[in-house]
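Welcome, and have your viewer ready.

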Amino acid sequence: MDNNTYIDIKNISMWYPVNSGLKSIGKEKKWIKAVDDITIGIERGEVLGVIGESGCGKSTLGRVLVRLENPTSGDVLIDGQSTKNLIKNDYKAFRRLVQIVFQNPYDSFTPRDTIEKILMRPLRIHDIGKSDADRNTIIKEALEASGLRPAEDIMSRYPHQLSGGQLQRISILRSMLLEPKFIIADEPVSMLDVSVRADIISMLLRLSKENNASVVFISHDISLTRYISNKIAVMYLGKIVEYGDSEVVVNEPKHPYTQVLLSNCASIDPNERMNKLSVEGEPPTPINPGPGCYFAPRCFKAVEQCFNKYPDNIVLENGHYVACDRYNK
Amino acid sequence: MSTILEVKNLNITYKNKKKNVYAVKDVSFTINKGDSLGLVGESGSGKSTLATALLRLHPKHSTVITGKANFMGKDLISISEKELLDLRWNELAVVFQKSMNSLSPVHRIGEQIEDIYRVHKPKATKKEISDRASYLMSLVNLSNRVYNLYPHELSGGMLQRVSIAISLLHNPKLLILDEATTALDVVTQGQILDEILKMEKEMDMTRIMITHDMSVVSSSCNKVAIMYAGELMEVGCVEDIIPNPKHPYTQGLLSSFPSLKGEKKELRGIPGYLPDLSIKHEGCIFATRCKDVMDICRKIKPVKKIVDNKQEVSCHLYGGDD
């Protein structure tokens, strides 16, 4: 990785044991490899888009990055510091550094508290602002700057009195008030109406730019991911199969899976219609896949060697890499 | 071309003790044989209400429906319950977003198909049914094995395919897909859309597709109707409207979708929220959020105009109120 790397994700894995009751006693333990040996670097202020089908492990990756779950192995370095140690030494500092925005804004607020109370809590915990009155002004200014007007009215309301778009804005604000340097956005707009999506996205981008924060944007919407991210990583069964500049990945996909994904993505412009590449079946379960390439059973380019060994990452120009031996055949 | 469905001045009002909600207001459109109409709008714009009214699935005591929906000579709104039972599944079928959840978990897929088949053809033999079923299964790209499986043994995409196959059992003239592919993965959705297009050619079917995803409409329909707050804003052919939207709402909706490969334009949302539908509004319903709003918009309701001989638009920007 080059010197600019700010967030350095190193060989991170998250395996869950499969518990199949009495039958499994004495047998070799089975694992669901939700995230399997992912290494990726993110620069300061960069937006990394992670795309893939449901069940490919993109949300698990997000949860591991904020340490909602402890990874089975591997570590994440932020500015050279291991988060494993950081969280042990100073839990609060880590939580201030790394924040997450979830998919469902209706579920991410305490229903019994007013918005003011909800936004006040993180500020108090992290000692931002001198007094409650001070914090009150911080909240008010932040709400107004994000188009939630009149701020006083909104602050006195309860979550159920606000719309999904407003709540998601507040959810983003709540994370951003702490000025984090690393933000994970896990499908932040997929629950929202199309007409408000654009505003939420621009708000997220504006705030992260102000903080010069790095963002991991997890989504299954390819056109949206391309729109907001600098780099795109394509995941399949816990592995990254292709990574590169978002323009390059979308316009010249190299991995057969990326090609399938893109050709099946319905586009709004009728001129962009492509011939759909079809794949057979659904994604297999991530229980002990392999030994060959995980995508081989569904791949249209697969040959015998694909079933024997998991392909190495083949590095192309500008950091673009693809995990497929036959990408150019 | 013969007309399959002609909806005229349809109004749907939900009633309770305190207030009335005017969910669909004065909607008229026609669908010709072989058309595929995409009905697009935000949540709460009344698209599903409209579809459920055509299927007569609304509870009688709390909904008031006025207007006409002429479906091949029969008025769907006023025919008797008995006539309706004849029509359902035979001529008019539906697939919902969660159709897969309505499959019985304790019966094999095959048994359920037989059950449904015998509703309209009570004397059908097992052989006849399984022949028909295996033909439909092959249309939606499922193997015959599925016939003897239970729903829990299939994935979401496969179950939704089963639901689509079941809806086609009696070769309906009109199929309504209410967000039928929304809950599915990109790849599965793409494949099912492809299969639907193929089926349409083979079975000579007409389709209404309800969705909030413009890209689904643009890749699988030939006509599109944009709905906002219970009213139709713009109706026309996909190839006319998508590159050249006339109504400010359609323009706003389209500019909030990023395109996959084209240049990165700035994404713009539509400011504001849906109006309260329990109040009757004067003037254009979209006026409060419209970027091109004029004085007249707040007072007089625009009438439908045909712009450029192509699309029907309800907006004061295109001509006076004659």
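This is a predicted model: local features need pLDDT of at least 70, side-chain atom pairs count only at pLDDT 80 or more; totals for chains, interfaces and linings use all residues.

Residues are numbered from 1 along each chain as its sequence is written, while chains are lettered from A and ligands numbered from 1 in the order in which they are written.

**Exercise 1. Describe the side of chain A that touches chain B.**

Solution. 
- Start with the contacts, where two residues count if their C-beta atoms, placed from the backbone, lie within 7 Å. By that rule, 35 residues of chain A are in contact with 35 residues of chain B.
- Next, find the elements; helices (H or I, at least four residues) and strands (E, at least two) are DSSP runs, numbered from the N terminus. On chain A, at least two residues each come from α8 (194-211), α9 (222-228), α10 (246-251) and α11 (256-263).
- Of the elements, α8(A) gives the most, with eight residues.
- Finally, sort by class: Ala, Val, Leu, Ile, Met, Phe, Trp, Tyr, Cys and Pro are nonpolar, Asp, Glu, Lys and Arg are charged, and the others, Gly among them, are polar. The side of chain A that touches chain B then has 15 nonpolar, ten polar and ten charged residues.

**Exercise 2. Work out how α4(A) packs against α7(A) and against α5(A).**

Solution. 
- Axes are lines fitted to C-alpha atoms, for helices over the stretch in contact, and angles run from 0 to 180 degrees between N-to-C directions. Helix α4 (residues 115-125) and helix α7 (residues 164-176) of chain A pack at about 25 degrees, with axes 9 Å apart.
- Angles under 35 degrees count as roughly parallel, over 145 as roughly antiparallel, 65 to 115 as roughly perpendicular and the rest as oblique. Hence α4(A) and α7(A) are roughly parallel to each other.
- At this contact, A:Ile115, A:Ile118, A:Leu119 and A:Pro122 of α4(A) meet A:Ile170, A:Leu173 and A:Arg174 of α7(A). The residues divide into six nonpolar, no polar and one charged.
- Now turn to helix α5 (residues 132-145) of chain A, which packs with α4(A) at about 115 degrees, the axes being 10 Å apart.
- Here A:Glu116, A:Leu119, A:Met120 and A:Leu123 of α4(A) meet A:Arg135, A:Ile138 and A:Ile139 of α5(A). This contact has five nonpolar, no polar and two charged residues.

**Exercise 3. Which residues have the most contacts inside the largest nonpolar core?**

Solution. 
- A residue is buried if 20 or more other C-beta atoms lie within 10 Å of its own, exposed if 12 or fewer, and partly exposed in between, with C-beta atoms placed from the backbone. A nonpolar core is a set of buried Ala, Val, Leu, Ile, Met, Phe, Trp, Tyr and Cys residues joined through C-beta atoms within 7 Å.
- The largest such core has 175 residues, and those with the most contacts inside it are A:Ala233, A:Val234, A:Tyr236, A:Leu261 and B:Ile226.
- The largest share, seven residues, comes from α8(A).
- Now look around A:Ala233: leaving aside neighbours within four places in sequence, A:Ala233 is in contact with A:Ile40, A:Leu48, A:Val50, A:Ile240 and A:Tyr243.

**Exercise 4. Explain why α9(B) is largely enclosed.**

Solution. 
- Count first: six of the eight residues of helix α9 (residues 248-255) of chain B are buried, so the rest of the structure largely encloses this helix.
- The buried residues are B:Pro248, B:Tyr249, B:Thr250, B:Gly252, B:Leu253 and B:Leu254.
- They pack against α8 of chain A, together with α7 (214-220), β9 (223-228), β10 (231-237) and α8 (238-241) of chain B.

**Exercise 5. Is B:Ile176 buried or exposed?**

Solution. 
- Locate B:Ile176 in strand β7 (residues 174-178) of chain B.
- B:Ile176 has 25 C-beta neighbours inside 10 Å and therefore counts as buried.
- Not counting residues up to four places away in sequence, B:Ile176 touches B:Ala51, B:Leu54, B:Leu55, B:Val94 and B:Ile208.

**Exercise 6. Find which residues of α1(A) are buried.**

Solution. 
- Helix α1 (residues 58-65) of chain A is mostly covered, with seven of its eight residues buried.
- Those are A:Lys58, A:Ser59, A:Thr60, A:Leu61, A:Gly62, A:Val64 and A:Leu65.
- After α1(A) comes A:Arg67, whose phi is positive, near 65 degrees.
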